[in-house]
Amino acid sequence: MVFNVELDIPHTATPELIKEFAESHGCVAKMIMPEGPGGGNPVYNFSSERYSYLEELVEQIYGVGSLDEETIKTMIWET
């Protein structure tokens, strides 16, 4: 079972930095759109075998406490 989330990441972050950030949270990052719908920033798919790792990653990107638990649950899906 793998958990996934797709996030729009600022274009100022290099792919290497994104990969390093994902790995530091126990996740894998893959760019799925070089220019996403949110202002042209790339969209990445982050995946992990542990839901809690993705939950922490989302909180780090959006800011701890800025999203409630239910919102995060709707962002992460299982494959």
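Predicted model: local features only at pLDDT ≥ 70, side-chain atom pairs only at ≥ 80, totals over all residues.
**Exercise 1. Work out the order of the helices and strands, starting from the N terminus.**

Let's begin with the inventory: the protein has three helices and four strands. Now look at how strands pair. β1 and β3 run antiparallel and are joined by six bridges; within this pairing, aspartate 8 sits opposite valine 43 of β3. β1 also pairs with β4 (residues 77–78), again in the antiparallel sense, through two bridges. Here phenylalanine 3 faces glutamate 78 of β4.

**Exercise 2. Decide whether the radius of gyration of the protein agrees with that of a compact globule.**

Start from the chain length of 79 residues, for which a compact globule would have a radius of gyration near 12 Å. The protein has 12 Å, so the two agree. For the overall dimensions, take the principal axes: the C-alpha atoms fill a box of roughly 25 × 20 × 20 Å. Then turn to contacts with a sequence separation of 6 or more: 62% of them link residues 24 or more positions apart. Finally, consider the surface, which comes to about 5000 Å² of accessible area, with 53% belonging to carbon and sulfur atoms.

**Exercise 3. Find the residues with the most contacts inside the largest nonpolar core, and the elements that supply it.**

First, a reminder of the background: nonpolar side chains tend to be buried together in soluble globular proteins. In this model, 32% of the 79 residues are buried. The largest nonpolar core holds 16 residues, and Val5, Leu7, Ile9, Phe46 and Leu54 have the most contacts inside it. Two or more residues each come from β1 (3–8), α1 (15–24), β3, α2 (51–62) and α3 (69–75). To see one member up close, pick leucine 7: beyond its neighbours within four places in sequence, its contacts include Val43, Phe46, Leu57, Ile61 and Met75.

**Exercise 4. Classify serine 48 as buried or exposed, and describe its surroundings.**

Locate the residue first: serine 48 belongs to strand β3, which spans residues 43–48. Its relative accessible area is 7%, and the cut-off for buried is under 20%. Serine 48 is therefore buried. Next, check the side chain, which reaches the backbone nitrogen of arginine 50 at 3.1 Å. To finish, list the contacts beyond four places in sequence: serine 48 touches Val2, Phe3, Gly26, Cys27, Tyr53 and Leu54. Of these, Leu54 is also among the residues with the most contacts inside the largest nonpolar core.

Key
Residues numbered from 1 in each chain as written. Heavy atoms only, no water. Buried < 20%, exposed > 50% of the residue type's maximum accessible area, 1.4 Å probe, protein only. Polar contact = N/O pair within 3.5 Å; in protein donor to acceptor, adjacent residues only side chain to side chain. Contact = heavy atoms within 4.5 Å. Core = buried A, V, L, I, M, F, W, Y, C linked by side-chain atoms within 4.5 Å. Pairing = 2+ DSSP bridges. Rg over C-alpha atoms; globule rule 2.2 N^0.38 Å. Areas by Shrake-Rupley, 256 points an atom, 1.4 Å probe, with all protein chains shown as cover.
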